Amino acid sequence: MKTKKIKTLTTAQFAKLHEVNKRTLHYYDEIKLFSPKTKSEAGYRYYDLSQSLDFEYIRMLKELSMSIEEIIAYRKQPNTASFLQLADCKIEELEHTIESLKRTKKVLQAKREQAIFCQNLRDQEIRIEHCSQEDILCLPYDFAQEDISQLFVYIKEHWSMEQIRMGIGSYISLDKLYANDFSIYDGIFSPAFSKQSHSTYKPSGHYLCGYIKGSWDRLPSMYIKLLEYAKKQHLQLSGYAYEIGLNEFLIAQPDDYITKIAIRIKE
């Protein structure tokens, strides 16, 4: 019976097949991680095609953030028990990574939608919008503290960085707005990734919304304009006024900063 000859590849051919640099293969050979099947007397390396799958398993372990030392140690004494332990550990790590990537995707989608929305906004524009119920996380904060730079430190003590990237807004009661008291807010909020035990929500319904460009010192005039609009249109407002920036990641000048104000209208 005629036996099939296993095809051998040079280092360059094997590197091209697996889309790696030749230096990577030389390095793996030097540290005894992955060596060619044969070497000629002249020192040329030759790999068998049968080594391809083994090489891809090594690359998979590397992609799973295993160190070279860990991979070498495992390959010296591979067995079912050590593989199962490795697989369980890496599957759990991958689940965490996948969830983190999902949250990052959600942030990017939200920011992308805001960027598109901001393109055609006019300064001090007023709209009535229907908003779905939104889960939010809230923290007490009145902005009366002397050192506003400590706000981020305060937030970081309670929320993850991923949550912070969703955006930070503030809310103030209607009683304070009617009293023209814009100095002390009731707290800060962030749109929650998902419903959590300690989260609350902005109720669904129609909201009186105002959009203003520029620094925060312009906000009181926008609130006055919104209240006057509600009075003329015979709108009854309820709850809190929610403020949040929409384009802080898009602008180079503070004058281009867009703040959205939303106040729920009683049905």
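Visitor: What is the relative accessible area of Y27?

Guide: Residues under 20% are called buried, those over 50% exposed, and those in between partly exposed (1.4 Å probe, protein chains only). Y27 has 40%, so Y27 is partly exposed, while Y28 has 9% and is buried. Keep in mind that this is a predicted model: local features need pLDDT of at least 70, side-chain atom pairs count only at pLDDT 80 or more, and totals for chains, interfaces and linings use all residues. Residues are numbered from 1 along each chain as its sequence is written, and side-chain values use heavy atoms, leaving out hydrogens and water.

Visitor: How many aromatic pairs are there in the whole structure?

Guide: Rings of Phe, Tyr and Trp (its six-membered ring) pair if their centres lie within 6.5 Å; planes under 30 degrees apart are stacked, over 60 edge-to-face, and the rest tilted. The whole structure has 13 such pairs. In one of them, the ring centres of Y27 and Y28 are 6.2 Å apart with planes at 45 degrees, so that pair is tilted. F34 and F55 make a tilted pair too, at 5.1 Å centre to centre and 50 degrees between the planes.

Visitor: What area is buried between domain 2 and domain 3?

Guide: Buried area is the accessible area (1.4 Å probe) that two parts lose on being put together, summed over both. Between domain 2 and domain 3 that comes to about 1300 Å², with carbon and sulfur atoms giving 60%. On the domain 2 side, K111, F117 and C118 lose the most area to domain 3, together 42% of what that side buries.

Visitor: How many salt bridges cross that interface?

Guide: The rule wants a side-chain nitrogen of Lys or Arg within 4 Å of a carboxyl oxygen of Asp or Glu. Two salt bridges turn up across the interface of domain 2 and domain 3.
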